[in-house]
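This report covers the packing inside one protein model. Please view the sequence and structure first.

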Amino acid sequence: MKTQRIYIDTSVVGGYFDDEFAAATQALFARLAAGEVVFVVSDMLDEELTDAPQRVRELLDRYNKPNSLEFVEQTDEVEALANRYIAEKVVGEASVDDCRHIALATVNRVDAIASWNFKHIVNLDRIRGYNGVNLKNGYSSVEIRSPQELLNYGNDDKTGKRI
């Protein structure tokens, strides 16, 4: 089975230490540590983490092993797609950074996006909007989920072995 490539935004990194989101976020990071998934991270994530507390800034360093993190960068293609989301009114202009995250993930053909941003990203109307723009512009749709939805459930037999 192909390893899932999951794009993570800043809310996921911060969620690792947040009381409300820690359990699911840490479980997703456990999947990363076990080699079940690859996190796709961007130059934009690096920029957004600049002013974060030190433990948040350094979290990904603990997981930066071969084949665990894939780094992607903003390009003109990403910027153009992000601007299309704004032009199509998926979200307002104030949410352009959220659009860049979606565009980075879309252009780089990830399997899913993980985010705790329920207002502008993990929101059914927004997801439909992003994917509508993607399809109209020749891109694939992208799965957008909370970390909670990207955990494995029911994949163990009664002895605890993976099946």
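## Basis

The model is predicted: local features need pLDDT of at least 70, side-chain atom pairs count only at pLDDT 80 or more, and totals for chains, interfaces and linings use all residues. Residues are numbered from 1 along each chain as its sequence is written, and side-chain values use heavy atoms, with hydrogens and water left out.

## Nonpolar cores

A nonpolar core is a set of buried Ala, Val, Leu, Ile, Met, Phe, Trp, Tyr and Cys residues joined through side-chain atoms within 4.5 Å; buried means under 20% relative accessible area (1.4 Å probe, protein chains only). The largest such core has 27 residues, and Tyr7, Tyr85, Ile113, Tyr130 and Ile144 have the most contacts inside it. At least two residues of this core come from each of helix 5 (76-87), helix 6 (96-107) and helix 7 (124-136). Helix 6 gives the most, with six residues. Helices (H or I, at least four residues) and strands (E, at least two) are DSSP runs, numbered from the N terminus.

Apart from this core lies another, of 26 residues, including Leu28, Leu32, Ala114 and Leu151.

## Tyr7 and Ser42

Contact means heavy atoms within 4.5 Å. Beyond its neighbours within four places in sequence, Tyr7 is in contact with residues including Val40, Ser42, His101 and Leu104.

Ser42 lies in strand 2 (residues 37-42) and is buried, with a relative accessible area of 0%. Between Ser42 and Tyr7 there are 35 residues in sequence and 8.4 Å in space, C-alpha to C-alpha. Not counting residues up to four places away in sequence, Ser42 touches Tyr7, Phe71, Val72, His101 and Leu104.

## Helix 5 against helix 6

Axes are lines fitted to C-alpha atoms, for helices over the stretch in contact, and angles run from 0 to 180 degrees between N-to-C directions. Helix 5 and helix 6 pack with their axes 8 Å apart, at an angle of about 125°. Helix 5 is therefore oblique to helix 6; angles under 35 degrees count as roughly parallel, over 145 as roughly antiparallel, 65 to 115 as roughly perpendicular and the rest as oblique.

## Helix 5 against helix 7

The axes of helix 5 and helix 7 come within 10 Å and cross at roughly 125°, so these helices are oblique to each other. In this contact, Leu81, Arg84 and Tyr85 of helix 5 meet Tyr130, Val133 and Asn134 of helix 7.

Conventions: Buried < 20%, exposed > 50% of the residue type's maximum accessible area, 1.4 Å probe, protein only.
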